[in-house]
Amino acid sequence: MKCIKCNSVKVVKNGSKFGTPYLKCKECNAQFCESSRNSETAQQFAVVLYCVGLSLRTIGALLEYSNVAILNWVRDFAKVHYHKPIPKGDIVLELDEMWHFIEQKKQSVDLESVLSHNWTTY
Ligand SMILES: [Zn+2]
């Protein structure tokens with residue numbers, strides 16, 4: 001057996017948790033269980049399934065991990081592989097809730113003057 005962090009072969013048993021045996025690396029003191037070895041493959045598969053369109057809970061149920069773990073894997077993948085886009089030019093905001101509020105309001109609102117106003121949003 002090899003360590004999942006440093007690939008050292010100096011790995012010893014380190015107790016168990018809920019019946020799952022845990023291992024400890026004598027080189028870097030990393031603790032891990034046997035299922036941690038497959039987690040990298042599971043992480044990549046989870047990201048692929050997320051990109052296909054499955055929900056976090058569905059992926060978690062398929063791979064037998066929590067949905068929060070799947071979310072963290074997808075976020076980590078996105079942080080490494082994608083840059084957050086910087087907004088350029090004018091920013092357009094759609095205030096959907098306001099439109100519903102105006103439509104439901106009993107008082108009459110002059111929508112023509114609202115629409116004809118030259119809105120600029122920064
Ligand atoms: Zn190690």
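Reply: α2 and α3 lie roughly perpendicular to each other, the word covering angles of 65 to 115 degrees, while under 35 is roughly parallel, over 145 roughly antiparallel and the rest oblique. Helix α2 (residues 56-63) packs on α3 at about 110 degrees, with the axes 8 Å apart. Axes here are lines fitted to C-alpha atoms, for helices over the stretch in contact, and angles run from 0 to 180 degrees between N-to-C directions.

Me: Is this an experimental or a predicted model, and how are residues numbered?

Reply: This is a predicted model, where local features need pLDDT of at least 70, side-chain atom pairs count only at pLDDT 80 or more, and totals for chains, interfaces and linings use all residues. Residues are numbered from 1 along each chain as its sequence is written.

Me: Ok, which residues make the contact between α2 and α3?

Reply: On α2 they are L56, R57, I59 and G60, and on α3 they are N67, A69, I70 and L71. Being in contact means that the C-beta atoms, placed from the backbone, lie within 7 Å. By class, that contact has five nonpolar residues, two polar and one charged. Ala, Val, Leu, Ile, Met, Phe, Trp, Tyr, Cys and Pro count as nonpolar, Asp, Glu, Lys and Arg as charged, and the others, Gly among them, as polar.

Me: And at what angle does α1 pack with α3?

Reply: Helix α1 (residues 39-52) and helix α3 (residues 67-81) meet at about 85 degrees, and their axes are 9 Å apart. That angle makes α1 roughly perpendicular to α3. Q43, A46, V47 and Y50 of α1 touch I70, W73, V74 and F77 of α3. This contact of α1 with α3 has seven nonpolar residues, one polar and no charged ones.

Me: How far apart are the ends of α1?

Reply: The end C-alpha atoms of α1 are 19 Å apart, which agrees with the 20 Å that its 14 residues should span at 1.5 Å a residue. The expected span is 1.5 Å times one less than the number of residues. After α1 comes G53, with a positive phi near 125 degrees.

Me: Switching topic: how many helices and strands are there, and in what pattern?

Reply: The protein has five helices and three strands, and along the sequence they read β-β-β-α-α-α-α-α. Helices (H or I, at least four residues) and strands (E, at least two) are DSSP runs, numbered from the N terminus.

Me: How do the strands pair up?

Reply: They form an open, antiparallel sheet in the order β1-β2-β3, and two strands pair if DSSP finds at least two bridges between them. β1 (11-17) and β3 (31-33) are at the edges with a single partner strand each, so one side of each has no neighbour in the sheet. On average, neighbouring strands of this sheet are turned by 35 degrees against each other, direction ignored.

Me: What joins β1 to β2?

Reply: Five bridges do, and β2 covers residues 20-25. K17 has T20 as its bridge partner in β2, and K13 stands opposite L23. β1 and β2 form a hairpin with two residues between them, and F18 in that turn has a positive phi of about 55 degrees.

Me: Is β1 buried or in the open?

Reply: Zero of the seven residues of β1 are buried, so β1 lies largely in the open. Buried means 20 or more other C-beta atoms within 10 Å of a residue's own, exposed means 12 or fewer, and partly exposed is in between, with C-beta atoms placed from the backbone. Across the protein, buried residues make up 6% of the 122.

Me: What about N29, where is that?

Reply: N29 is in the loop between β2 and β3. N29 is exposed, with 11 other C-beta atoms within 10 Å, and its phi is positive, near 60 degrees.

Key. Contact = placed C-beta atoms within 7 Å.
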